[in-house]
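Please keep the sequence and the 3D view open while reading.

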Amino acid sequence: MLIYLSAQLLATSVASTIMATAPVVMMLIAWALLAERPRAMTVAGAAAGLAGVWLMLFRGTGPVDWRGVAASAAAMLMSSLGYVLTKKWGRDVDVLASTSWQLLAGGVLLLPFAVAVEGAPPALDTPALWGFAYVTVVATAVAFAAWFAGLRHLGAGTVGLVGLLNPVTGVLLGTAVAAEALTAAQLGGIALVLAGVLAGQVRRSAGTASAAGRPASSGRPRPRWPRAGSATAPAGCSPPRGS
């Protein structure tokens with residue numbers, strides 16, 4: 001609800017730039033609640049992605065409605081906290097079951113407000129029904145199930161970076177479907193976002209640094225000869241001398 005409110009009160013560029021700070025917020029919340037310490041590459045990727053979103057979407061705008069800024073920031077904070085809490089508490093719950101209950105609870109919560117503010121739903125023609133079907137099945141059910149499955153296997157900051165592909169998709173769809181012109185600034189912004197997302201996926205394999213330069217062990221322990229004259233060496237026994 002807050003996202004749609006901010007869309008009514010703010011220019012798309014401003015609202016998208018505020019939402020693009022979500023990866024950083026998710027990293028900080030995950031650090032506090034899940035002990036997931038942010039990696040330097042992930043933080044750098046978030047910074048590059050935020051700069052790319054700003055470059056893609058930000059244009060000179062008029063006065064900014066601070067109610068919209070508050071609504072957008074609140075939506076970003078609450079969704080980021082909810083995603084991290086889902087990762088924390090939903091580890092032993094099936095992804096589809098968890099996603100279904102969350103969407104059902106959200107719909108029940110919004111239903112009274114929809115009835116009170118909007119009234120009865122309007123009559124829908126066939127294209128509108130197809131649109132609702134797409135939003136319900138693909139853009140909501142499948143999308144959220146994939147999102148929470150990603151949170152199950154990846155760090156919160158890494159998944160948050162993937163969310164920066166949303167404005168990239170919007171710009172590219174505007175070019176492909178609505179024949180909107182793609183400017184050099186937008187191309188640069190898309191490149192920055194993609195670079196940031198890829199940087200967040202770079203992961204150093206465990207043990208690589210410690211194993212570097214160390215010869216592989218054959219698995220068979222080598223015999224240790226006691227030093228001559230030591231307290232543990234039998235009398236008259238000394239290690240063999242190699243040629």
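L198 belongs to helix α10, residues 184-201; helices here are DSSP runs of H or I with at least four residues, strands are runs of E with at least two, and both are numbered from the N terminus. The model is predicted, so local features need pLDDT of at least 70 and side-chain atom pairs count only at pLDDT 80 or more, while totals for chains, interfaces and linings use all residues. Residues are numbered from 1 along each chain as its sequence is written, and side-chain values use heavy atoms, with hydrogens and water left out.

**Two single residues**

- L198 is exposed, with a relative accessible area of 58%; exposed means over 50%, buried under 20% and partly exposed in between, using a 1.4 Å probe and protein chains only.
- L198 and M41 are 157 residues apart in sequence, and their C-alpha atoms are 9.5 Å apart in space.
- T99 lies in helix α6, residues 95-118, and counts as buried at 4% relative accessibility.
- The side chain of T99 reaches the backbone oxygen of V95 at 2.8 Å.
- Setting aside neighbours within four places in sequence, T99 is in contact (heavy atoms within 4.5 Å) with F144, A145 and F148.

**Aromatic rings**

- Rings of Phe, Tyr and Trp (its six-membered ring) pair if their centres lie within 6.5 Å; planes under 30 degrees apart are stacked, over 60 edge-to-face, and the rest tilted.
- The count by this rule is three aromatic pairs.
- The pair of Y83 and W147 is tilted, because the ring centres are 5.2 Å apart and the planes are at 55°.
- This pair links distant parts of the chain, with Y83 in helix α5 (residues 66-89) and W147 in helix α7 (residues 126-153), 64 residues apart.
- Ring pairs join Y83, F144, W147 and F148 into a cluster.

**Nonpolar cores**

- A nonpolar core is a set of buried Ala, Val, Leu, Ile, Met, Phe, Trp, Tyr and Cys residues joined through side-chain atoms within 4.5 Å.
- The largest core has 14 residues, and M26, A30, Y83, V84, F148, L151 and A156 have the most contacts inside it.
- Two or more residues of this core come from each of α3 (22-34), α5, α7 and α8 (156-162), and α3 gives the most, with six residues.
- Leaving aside neighbours within four places in sequence, A30 is in contact with A35, E36, V84 and A156.
- Another core lies apart from the largest one and has 13 residues, among them A20, V53, L57 and V168.

Definitions and conventions: Polar contact = N/O pair within 3.5 Å; in protein donor to acceptor, adjacent residues only side chain to side chain.
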